[in-house]
Amino acid sequence: MSRIYATGRRKTATARVYLTPGSGKVTVNGMPANQYFGRAVHLLILNQPFDVTETNDKYDVIARCDGGGKSGQAGALRHGIARALNSADTETFRPALKKAGHLTRDARMVERKKYGQPGARKKFQFSKR
C-alpha cells in the first residue's frame with residue numbers, strides 16, 4: 001500500500017483525499033489542518049474515522065478541498081478519509097465505519113429559492129384587504 005485515493009462530498013464541498021502510512025499528519029490545501037480549519041469542532045469531525053477504526057497516528061492525509069464552506073469541507077474530508085480507510089483494509093475497518101455512518105454520503109442540500117417567495121419556504125406577507 002503506497003497511496004490510497006478517495007473522494008468525499010458534503011453539501012457543495014468536495015474533498016480529494018490521499019492516504020499514506022505515516023505519523024498522523026493532516027494537510028489540507030497545503031496547510032496543516034489545525035491552521036486551515038480555525039475551529040476545534042472541524043478538527044474533531046475530520047478525526048472521527050480514525051477514532052472509530054483506532055488508527056490515530058498511523059496514516060498521513062493530504063487533501064484538497066473545494067467548494068462550500070469550512071463546515072461542509074470538514075464533513076467532505078471526513079467522508080473521504082472514511083472511504084480511503086475502507087479501501088485500505090475493508091475486512092477490519094468497514095463494519096466500524098459503516099456502523100458509525102461515515103461511509104454514507106450526507107444527502108442533505110440547501111433547498112432552492114422559489115419564484116414568488118423571498119426564500120425556499122417563507123412567503124411574502126399576505127394582506128386580505
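Predicted model: local features only at pLDDT ≥ 70, side-chain atom pairs only at ≥ 80, totals over all residues.
At which residue does helix 2 bend, and which proline follows within four residues?

**Figure 1. Bend in helix 2.** The bend of helix 2 lies at Asn-47 and amounts to about 45°. Pro-49 is the proline that follows within four residues. Helix 2 comprises 14 residues, 40-53. From first C-alpha to last, helix 2 reaches 21 Å, close to the 20 Å expected at 1.5 Å a residue. Glu-54 follows helix 2 and has a positive phi, near 55°.

Figure 2. An α-helix has 3.6 residues a turn, so residues three or four places apart point the same way.

**Figure 3. Packing of helix 2 on helix 3.** The two helices pack at an angle of about 15°, and their axes are 8 Å apart. Because angles under 35 degrees count as roughly parallel, helix 2 and helix 3 are roughly parallel to each other. Helix 2 passes helix 3 in a right-handed crossing. On the side of helix 2, the contact involves His-42, Ile-45, Leu-46, Gln-48, Pro-49, Phe-50 and Thr-53. These residues meet Lys-70, Ser-71, Ala-74, Gly-75, Leu-77, Arg-78, Ile-81, Ala-82 and Leu-85 in helix 3.

**Figure 4. Packing of helix 2 on helix 4.** Here the packing angle is about 130°, with the helix axes 9 Å apart. Helix 2 is therefore oblique to helix 4. The crossing of helix 2 past helix 4 is right-handed. Pro-49, Val-52 and Thr-53 of helix 2 meet Phe-93, Ala-96, Leu-97 and Ala-100 of helix 4.

**Figure 5. Surroundings of Ala-120.** Ala-120 is located in the segment after helix 4. The relative accessible area of Ala-120 is 22%, so this residue is classed as partly exposed. Residues up to four places away in sequence aside, Ala-120 touches Glu-111, Arg-112, Lys-113 and Lys-114. Val-110 is 10 residues from Ala-120 in sequence, and the two C-alpha atoms are 8.9 Å apart in space.

Definitions and conventions: Residues numbered from 1 in each chain as written. Heavy atoms only, no water. Expected span 1.5 Å × (residues − 1). Bend = angle between axes of the 7 residues up to and from the residue. Buried < 20%, exposed > 50% of the residue type's maximum accessible area, 1.4 Å probe, protein only. Contact = heavy atoms within 4.5 Å. Axes fitted to C-alpha atoms, helices over the stretch in contact; angles between N-to-C directions. Parallel < 35°, antiparallel > 145°, perpendicular 65-115°, else oblique. Left-handed = near helix turned anticlockwise from the far one by under 90°.
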